[in-house]
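Today I look at how the chains meet and what sits inside.

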Amino acid sequence: MPDERIRKQYGIDEFLARLGEDAAHFYSGFAPWPEDLEGWTRTARELLPADGERLLTRTVWDLQNDRDSRLLVDVTECGSAPDAVEALAGSLEANQLSSLPSGLRGNTFLSFVHPEGVSPACFLAYANLLVVVTSFGRKSVSVESLVKRLLQRLESSSKTDATFGRLTAEPARARRGQEVLLRYALNITPIEDSYLRISVTGGTIFRRHGQLFVRPAGTGPMEVSAWMFERGRETRSVTLTIPVE
Amino acid sequence: MQVEEVHFNHDTSSITSDAITIRKNQAGNPIPAPEWKRGLPPQPAAYAAAPLGAHVTIKARFSAGQPDSVIKIRAVDAWVPPATPTGCLGWLIWFISSLIRALFGNVLGDTDVQVVSFDGAGLSGLITFTLVNHKLKSSGVGIRTTDWKWQYHHHKKWHTFDTTQHKIYLVLDVPNGPWNQNAGNNTQLPWTDALDKACLWALGAQTKDEAAEKITIAVNTQPNQSYTPSTIFGFGTYYLSSYINQLNGGAPFQLNCTDCADAVTTFSNLLGCDLWEGRLFNMITRKFLTLNGNPSVEADWVSWSWGYHEICWLHQIGQFELIYDGCLQVDMDNNYADLVHIAKHPVKMRFGLNDPNDYRYRLIQSGNGNLENIPRRRAVA
């Protein structure tokens with residue numbers, strides 16, 4: 001866990017306290033799409049183990065005819081939204097700069113950037129993801145617009161009647177605060193660059209030992225919606241309501 | 001008659017008489033003996049020089065022998081020395097040929113002679129041969145190729161019946177952490193992808209000091225890299241595979257001090273050195289030559305305000321211990337106000353305090369530079 005100085009300096013614990021317990025998103029398999037980086041070519045895609053159960057998807061993007069312009073996009077899939085904030089703190093701790101200014105501002109994410117005059121980089125915690133975009137070549141490349149585009153795609157939702165399978169909860173009825181195992185069964189074969197988003201209203205969502213759980217914050221119905229986003233294909237979704245006593 | 005198998009790491013529990021256990025990289029499995037097997041692509045082997053005892057052995061198996069026969073077999077170096085030189089060109093060719101052989105040629109020498117029995121099907125058992133005239137203890141770090149002619153003895157003459165070729169890595173001592181020799185599908189076994197870099201960067205190094213120095217300089221001067229303050233190749237785990245991919249890719253990439261310390265420690269320790277990584281905090285630096293900088297370009301002499309800096313320590317972290325830093329070169333010129341700079345790679349420099357020969361004095365202009373006494377050797381992935 002990052003030291004107290006880092007936590008205090010970057011308001012880590014304040015942001016953690018602001019994370020609500022009555023709504024959350026969880027992403028699996030998210031990575032930049034070529035549409036996010038028009039004119040760039042993905043030249044590397046690596047899956048790397050990160051701390052704990054985190055998983056890092058690293059992509060490197062090169063600009064044709066300009067070998068000095070490169071972008072590195074690291075997406076670390078964490079166990080939960082608080083875990084992503086901890087991963088962000090770890091990233092800040094692993095930065096040699098004494099201080100990093102805030103980046104994009106918003107209520108649902110926490111972001112810091114390299115200051116002017118330093119090779120551009122942006123560090124962003126959103127939902128269960130830590131997204132780091134770095135100007136990676138000899139030439140400085142602005143990273144802000146790409147971060148905005150990624151954030152836009154993460155936050156976008158689309159209405160769809162197409163389904164991709166089935167969501168089930170175990171137990172099917174829950175008590176407030178109880179951990180409920182969430183399973184999803186796909187009736188399609190996801191293509192490369194597809195990703196899943198699961199949104200929970202009335203609780204939180206997290207992954208532990210490779211299994212997904214939701215935890216209802218109050219009583220009443222807890223709504224779980226899952227979307228499968230695939231490049232060039234229609235977005236599909238499924239929903240589940242878990243009664244909570 | 002033909003060679004069926006040659007085993008170099010024939011006893012995975014020992015490193016005193018055979019090769020050490022290695023793997024290609026994080027993916028896949030450890031490379032098992034036989035490293036050479038007829039009909040399959042040959043696999044490399046690696047030796048750690050220091051622990052090797054008086055007898056280094058290999059094992060081999062043969063087929064297509066005369067059924068129920070007994071015969072003497074040996075392997076000898078297939079290299080044929082160039083003809084006695086005549087004229088300038090002749091001497092030049094001879095010199096270059098000898099140099100290439102010294103750097104990349106056979107270190108295994110020959111094998112002794114063994115009496116081999118063949119069964120009714122013309123197959124032998126697994127026969128142990130002792131290496132003779134090998135140079136494993138004296139050649140220093142390298143990647144060498146051995147071409148062996150396998151011969152049998154008949155009518156008072158040796159007759160060649162087969163040839164084999166072997167890629168051999170030679171390191172100075174048993175690799176230190178993060179590397180280990182634990183059994184099983186262990187990702188921290190020495191990687192040949194890393195040995196390819198380390199053995200080339202420290203080619204010919206005879207001592208651990210020399211190896212660590214060569215690795216430090218190589219990490220600092222890789223042509224396509226430049227500095228960024230954020231850690232790119234992992235803070236909890238060292239993404240060595242990703243770093244090697246970038247090195248091999250040939251395109252420009254960025255890294256920071258932690259990445260450089262990881263590289264120096266991981267590659268040096270692969271050769272048997274004993275380095276650790278450790279951080280110091282809060283400093284405004286003097287001007288230093290940036291990563292992969294050109295000493296004659298003033299813009300490459302930079303100063304930073306750092307929350308931390310990470311370097312490599314020989315044996316242990318301490319105020320008066322010795323350090324290696326692959327991320328920068330310090331300025332040994334005493335006048336920091338002028339444009340005169342004397343670049344020096346920090347290799348085996350005392351961390352120290354305020355002596356002009358101390359690393360701390362040369363790096364830190366102001367700030368406490370307090371040490372964090374947490375030695376690290378990050379696991380590789």
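With that, 28 residues of chain A are in contact with 34 residues of chain B.

Housekeeping: this is a predicted model, where local features need pLDDT of at least 70 and side-chain atom pairs count only at pLDDT 80 or more, while totals for chains, interfaces and linings use all residues. Residues are numbered from 1 along each chain as its sequence is written, chains are lettered from A and ligands numbered from 1 in the order in which they are written, and side-chain values use heavy atoms, with hydrogens and water left out.

**Entry 1, the interface.** I looked up the buried area (accessible area, 1.4 Å probe, that two parts lose on being put together, summed over both). Chains A and B bury about 2,500 Å² between them, with 49% of it on carbon and sulfur atoms. On the chain A side, Ala94(A), Gln96(A) and Phe136(A) lose the most area to chain B, together 28% of what that side buries.

Next I checked salt bridges (a side-chain nitrogen of Lys or Arg within 4 Å of a carboxyl oxygen of Asp or Glu). The count between the two chains is 1. I found Glu93(A) and Arg279(B) paired that way, at 3.7 Å, N to O.

Which elements of chain A give two or more residues to the side that touches chain B? They are β2 (40-49), β3 (55-63), β4 (66-77) and β7 (129-135); strands here are DSSP E runs of at least two residues, helices H or I runs of at least four, numbered from the N terminus. β4(A) gives the most, with 5 residues.

I used the nonpolar core rule: buried Ala, Val, Leu, Ile, Met, Phe, Trp, Tyr and Cys residues joined through side-chain atoms within 4.5 Å. Buried means under 20% relative accessible area (1.4 Å probe, protein chains only). The largest core has 102 residues, and Phe233(B), Leu240(B) and Tyr359(B) are among those with the most contacts inside it. Its largest share, 7 residues, comes from helix α5 (residues 257-270) of chain B. A second, separate core of 29 residues includes Tyr47(B) and Phe129(B).

Leaving aside neighbours within four places in sequence, I see Tyr359(B) in contact with residues including His309(B), Asp325(B), Pro346(B) and Arg350(B).

Asp193(B), Lys197(B) and Trp201(B) are among the buried ones. Their cover includes β9 (142-154), β10 (157-171) and α3 (208-221) of chain B.

Conventions. Buried means under 20% relative accessible area, exposed over 50%, partly exposed in between (1.4 Å probe, protein chains only). Contact means heavy atoms within 4.5 Å.
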